[in-house]
Amino acid sequence: MAMPADGKRRTAAWAVAGLLLAAVLTLYQAERTGGGTPPASAACPAGGSPDCPRPGGGGTQPPAASSPTAPSPGAGASAPASAAPPPPLRSTAPAAAGPCPSPGACGFPDEHTTGPRIPLERHDTGNMSVRKDGTVIRGWDIRGSLDVYADDVTVIDSRITSTNWWGVNLRPGFRNLRILHTEITAVPGKGPDNGGANYAVSNMGTDSVEVGWCDISVFGNALSMGQGHLHDNYVHGIVPFRNKTGEWQHTDAVISGGGNKGRLVLRHNTLLNPVPVDRGATAAVGLFADTGTVSSVVVDRNWLAGGAYTLYGGGPGATGIEVTDNVFSTQYHPHGGAYGQVAAWNAGGAGNVWRGNRTSEGQPVVPEPAPSPTPVPAPLPAP
């Protein structure tokens, strides 16, 4: 006997329901046992992500938004989370052990591995003060400078073109400034010649500042601080300048005046000082005892070139200075700097280490011994 039409429809419905139930059970079992297609977050994307380690990097890596965040000038605001994926992270190959023709060819930072990674939005801020804790400036193309009177400020994926005597200045009493993936430059003839004081990043406080993956140029004393974490930066194109009385001023890619309260770490940077010595060139790294004893400094795996001497090591009282595995390039002078590679190195200072440093041709760099004091003749006996 033939089945009624309504019975056929019920049988078909039950069959479909059974198939759907079987599919749900299969997906559930796959999720429990780890089978099936993994979620997008299960593996690092090509080029990395903020949650995946960055090959060759020297510092912490915050998220980077795909579009600018534009707080009102002077007020600051934290960037909202973006649904779009972050820009890819740039990696740098390990430095080669043999001869190195150029920084980029040998795994050191250059214009391809530093600076902003996203499109920028222009902001004519002038000399802007940041006074809100936790401010994040991201995706800004700034015409002006930043004077920071706040804690936990981050500048990331931005560009600063300053006509002031600084690009970013952290005031005393404030902490935890981070400047990452940012280009900092100046307009020659404006800020950089203002009285002979000009700094791309100045740390006036006693707390550490992090500067990483930044492209820095023009400013005569590019990175000025006694304590901080400076890594993966490209400092180049320093411009000689005169102060208001017409005197050539000293130029340094990194300068520290001594008396620091914390640790200064320079790791995996390209630090170039192409200025002629008769126009003020001092050093690629200048550790000077101008305001106190130099102590607790790490200079590790950097490409260094130029200056009168490429490195000034802190002087007779310096302690805890570690200079390791750096390349002293001959790209400006046959001996690294106009007068040589190293000056003021205190070989006998407690905790001072000199190891693994070489020229860009692969030859070892050894500091010259400090000159012995001239003996003073003994007084003649009284007649």
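What follows is a conversation about strand pairing, nonpolar cores and a pocket in this predicted model.

Visitor: Why are β3 and β5 called paired?
Guide: Pairing requires at least two bridges between two strands, and 3 bridges join β3 (residues 140-148) to β5 (residues 159-162), so the two count as a pair, running parallel. Within this pair, Arg143 stands opposite Thr161 in β5.

Visitor: What makes β5 and β8 a pair?
Guide: β5 and β8 (residues 183-186) are linked in the parallel sense over 4 bridges, and because at least two are required, they pair. Here the bridge partner of Ser162 is Ala186 in β8.

Visitor: Which residues touch the most other members of the largest nonpolar core?
Guide: Among its 54 residues, these are Leu146, Ile216, Leu223 and Leu271. Leaving aside residues up to four places away in sequence, Ile216 touches Ile184, Ala200, Val211, Ala222, Leu223, Tyr234, Val235 and His236.

Visitor: What makes up the lining of the second largest pocket?
Guide: This pocket holds about 350 Å³ of space, and of its 22 lining residues Tyr199, Ser224, Ile255, Ser256 and Gly257 are the closest to its centre. β9 (199-203), β12 (221-224) and β15 (251-256) each give two or more residues to the lining, and β15 gives the most, with 3.

Visitor: How many residues of each class does that lining have?
Guide: The lining of the second largest pocket has 15 polar, 4 nonpolar and 3 charged residues, where Gly counts as polar.

Note on methods: Residues are numbered from 1 along each chain as its sequence is written. This is a predicted model: local features need pLDDT of at least 70, side-chain atom pairs count only at pLDDT 80 or more; totals for chains, interfaces and linings use all residues. Side-chain values use heavy atoms; hydrogens and water are left out. A nonpolar core is a set of buried Ala, Val, Leu, Ile, Met, Phe, Trp, Tyr and Cys residues joined through side-chain atoms within 4.5 Å. Buried means under 20% relative accessible area, exposed over 50%, partly exposed in between (1.4 Å probe, protein chains only). Contact means heavy atoms within 4.5 Å. On a 1 Å grid over the protein atoms alone, a cavity is a set of points where a 1.4 Å probe fits but cannot get out, and a pocket is an open set with protein on both sides within 12 Å along at least five of seven lines; lining residues have an atom within 4 Å of a point. Grid points are joined across faces, edges and corners, and a volume is the space filled by probe spheres set on the points.
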